[in-house]
Amino acid sequence: SVIINAHTNVAYDILTIKYDVELNYIFSKEMRYSVNTTAIEIEGTDKVGERKVHSAYLSNLIPNTMYSIAILYGNETIYETRYKTFPDANSTEPIVIASGGDNGDTELAWNMTLAANGHAPDVFVFGGDIAYDNAMCTCWFAWDYFLKPFEKANEDAKRLIPLVFAVGNHDVGVDSLSGRSVKTTPQGPYYMVYFPQHSPVGPNGTLLARVPTLEERKSYHYHTFGKMLFLALDSGLVTGYVGEQEKWLRNVLETYKDYYKIADYHYPTYSACANLRVYDDAYHYRVKLWNPIFDQYNFIVVFENHEHIFKKTKPLRNGVPDPKGTYFLGNGGWGTWGRDCQLIHENMSHYDSVIRTEHFWIMRYEPSEKKVYYNAYNPVIGELIPGFSQYLPDYDL
């Protein structure tokens, strides 16, 4: 399944999404399936910013298959594209993930996106601080600027490349464990309004094949890419660490126990900046709550962000190096320049590399080899460190 989003002027009421397997469409010239969008009207912006956000849930799709998609208003086709579904857990098809965070609208961000797209990713995943609108309704245009280079990436790929986000402080306008309540309305935060990212859950715990309402949208969610389980977590911004999110996390991990597990979130546990690490409650929740969970379920990698500094730890288990432990990679800097910080010096036995530079990560899952490969890049410098890999049977439970 996938959620397709489209933005229009407020004059458009409901759109129709038609779709079919591309090969069938080529031969028949017709699309067999259609679904109407749900629409949210954005208010409170200036006249240029007013829009409707349309979303449609496409379900029961065939894995590892190219689909043709058309967006219609009435009987008029206003946009055509393609989308390729992910392989299922039994497939030997490779999957490429481009990962980063702290994006924004800069020339650097544009160059970084196009450079990452040169590695033919199947999905872009970002760990927060996406458009830097700070949940201000008057900053609606920040999201348009952020999305612009992805339009070019989609054109180059000749298909839609999905985007998956974890939440950051600049997306919702609060810091971790601020004590403030973040409520989603049509006026924002646009991070929540523009991007429904999960299925709603029915009363018996089953997933519902529809777009979640604003009231149903969560700041944490999961996705499966082949036999990889990807968890976008909320590091204490909209939802706290304990309670609702912790219960959900443990339930998902039990459900997908035999999958290879990845987490992505905003505030890092393994800081790259000695002067930015804050030993507050939020930090201790990550160390004392999340890290034992990562150990218990043999996470292969955790992507962290926020600091705009490149970091790679050694594989860690119980807070110490272990050849079969979890890598912590990060820490943001897709479109924001390297932060002027005092690079970490304590516990350097935990780290393989810390560099003050912008970067993105490319993660390549090769199920036929039972391996995952990692490479880190800067669009000017090129590859930042030697690539490395993991042997996946080491992480079986």
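## A salt bridge between Asp352 and Lys314

In this predicted model, the side chains of Asp352 and Lys314 come together in a salt bridge, with a nitrogen-to-oxygen distance of 3.4 Å. Asp352 belongs to strand 19 (residues 351-355), while Lys314 sits in the loop between strand 15 (310-313) and strand 16 (316-317), so the pair ties together parts that are 38 residues apart in sequence.

Both partners are partly exposed: Asp352 has a relative accessibility of 41%, and Lys314 has one of 25%. The pair also belongs to a network of salt bridges, in which Lys312, Lys314 and Asp352 are linked.

## Other salt bridges

Across the whole structure, a search finds 15 salt bridges. One of them joins the side chains of Asp156 and Lys152, at 2.9 Å from N to O. Here the two residues share helix 3 (residues 141-157), where they are four residues apart, or about one turn of the helix. Asp156 is partly exposed, with a relative accessible area of 42%, and Lys152 is likewise counted as partly exposed, at 32%.

Another salt bridge is formed by the side chains of Arg210 and Glu216, with an N to O distance of 2.7 Å. Arg210 is partly exposed, its relative accessible area being 32%, and Glu216 is partly exposed too, with a value of 25%.

## Cysteines without a disulfide

The structure holds zero disulfides. For Cys137, the nearest cysteine sulfur is that of Cys139, which is 8.4 Å away; because a disulfide requires two cysteine sulfur atoms within 2.5 Å, Cys137 is in no disulfide. Cys139 is in no disulfide either, and the cysteine sulfur nearest to Cys139 is that of Cys137, at 8.4 Å.

Methods:
Residues are numbered from 1 along each chain as its sequence is written. This is a predicted model: local features need pLDDT of at least 70, side-chain atom pairs count only at pLDDT 80 or more; totals for chains, interfaces and linings use all residues. Side-chain values use heavy atoms; hydrogens and water are left out. A salt bridge is a side-chain nitrogen of Lys or Arg within 4 Å of a carboxyl oxygen of Asp or Glu. Buried means under 20% relative accessible area, exposed over 50%, partly exposed in between (1.4 Å probe, protein chains only).
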